[in-house]
Amino acid sequence: MELLTEWPEEVDSLVINGDGPRIYYYIQSSANSCLEYINLVRDRQDVASDFLERWFKRVQMNFKLAGELRFKVTTSDNRLEQRKKTNFSYRRLAAGLQAHGVDDNNRLLLGILTREGDQNFPADIVSFVKELSPFLRDALRVRIEMLECWEEIIDASRKVAMERLVCLSHLLTEVAIQLQDDSSINQVRSLLSGFKTELQKRVDIGPLPSDPLELKKILEEGIAELKSLREQVLQFEERRLLLSVVKQDLETRLDQAESASDGDSTDAGVVKRRESSSAPRSRMIFRKEDE
């Protein structure tokens, strides 16, 4: 079974500008694939059941949290859009930019915040966007939380695939030894190269068939799966690192929006959100203690 699922071309653009349901679509795809794979591996009974159960629950809980957060993204986006519509100058600017192929989105707002003091840019637009910054911060915070859920799910997929790869490597090594196939032993070891794992880790592979033809079939099919697993593990690591980079970028943008916030606003809703923003940012229930 292929663990890799549909993946957006531009993750950063999806997270910063995409709506809640769109972001959730990709998280749901990743979570469903991981849960299905865990069940498949569980049926094969070659990976420890407690290990699989721990990661199964982790994926479920982050998947559930992402589902709740998508509605918060929609709520924060609606608040932002409603306030945009109240300013005639901003509506005119956005319409002009869109006519030239520039979208009116969160990235545009963040870009306007950097134009303060620019004599070639309308000061009233910058001032209005500064008033919007508390709502923009809300929109960024909840996206970061969704991104953390996604990152946890991708990491779970990587770890389960890696554990399956290690267990399969033990099995294939034992089969190759019985067949006295040194080239296959070296091939298995080569496929494990670059990973922080020890082939000497004890794994109960159970009894092996005595028929050489059956052993040969296990070896051939197993090496094909091993190659696929190796590529998937590498791609999951690449995706996990990409999500981490996007999250760091969003956190930097959030800090910029916070520093640009107009502290004199008398909007009660804005004041309430500012007070709550002083609390530590929420993190996922599970962290990566299983490295």
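Student: How many cavities of 30 Å³ or more does the count come to?
Tutor: The count comes to one cavity of 30 Å³ or more, where a cavity is a set of points on a 1 Å grid over the protein atoms alone at which a 1.4 Å probe fits but cannot get out. The volume of the largest cavity is about 30 Å³, a volume being the space filled by probe spheres set on the points, with grid points joined across faces, edges and corners. Bear in mind that this is a predicted model, in which local features need pLDDT of at least 70 and side-chain atom pairs count only at pLDDT 80 or more, while totals for chains, interfaces and linings use all residues. Residues are numbered from 1 along each chain as its sequence is written, and side-chain values use heavy atoms, with hydrogens and water left out.

Student: Which residues line the largest cavity?
Tutor: Its lining, meaning residues with an atom within 4 Å of a point, consists of Leu3, Leu4, Thr5, Ser30, Ser33, Cys34, Ile154, Ser157, Phe236 and Arg239. By class these are five nonpolar, four polar and one charged residues, where Ala, Val, Leu, Ile, Met, Phe, Trp, Tyr, Cys and Pro count as nonpolar, Asp, Glu, Lys and Arg as charged, and the others, Gly among them, as polar.

Student: And which helix gives the most to that lining?
Tutor: Helix 2 does, with three residues, and helix 2, helix 6 and helix 8 each supply at least two.

Student: Changing topic, how many helices and strands are there?
Tutor: The protein has nine helices and zero strands, these being DSSP runs numbered from the N terminus (helices H or I, at least four residues; strands E, at least two).

Student: Which residues touch the most other members of the largest nonpolar core?
Tutor: Tyr90, Ile112 and Trp150 do, in a core of 80 residues; such a core is a set of buried Ala, Val, Leu, Ile, Met, Phe, Trp, Tyr and Cys residues joined through side-chain atoms within 4.5 Å. Buried here means under 20% relative accessible area, exposed over 50%, and partly exposed in between (1.4 Å probe, protein chains only). Helix 6 (123–178) is among the elements that give two or more residues to this core, and helix 6 gives the most, with 27 residues.

Student: What is Tyr90 in contact with, beyond its neighbours within four places in sequence?
Tutor: Tyr90 is in contact (heavy atoms within 4.5 Å) with Lys84, Asp104, Leu108, Leu109, Ile112, Ile125, Phe128 and Val129.

Student: Is helix 5 mostly covered or mostly open?
Tutor: Helix 5 is mostly covered, as six of its eight residues are buried, namely Asn106, Leu108, Leu109, Leu110, Ile112 and Leu113. Those buried residues pack against helix 1, helix 3, helix 4, helix 6 and helix 8.

Student: What about Gln45, buried or exposed?
Tutor: Gln45 is exposed, with a relative accessible area of 70%, and lies in the loop between helix 2 and helix 3. Gln45 has a positive phi of about 60° although it is not a glycine. Most residues other than glycine have a negative phi.

Student: Where is Gln180 found, then?
Tutor: Gln180 is in the loop between helix 6 and helix 7, where it has a positive phi of about 55° without being a glycine. Gln180 is exposed, with a relative accessible area of 71%.

Technical notes. 1 Å grid on protein atoms, 1.4 Å probe; cavity = no way out; pocket = protein on both sides within 12 Å on 5 of 7 lines; lining within 4 Å.
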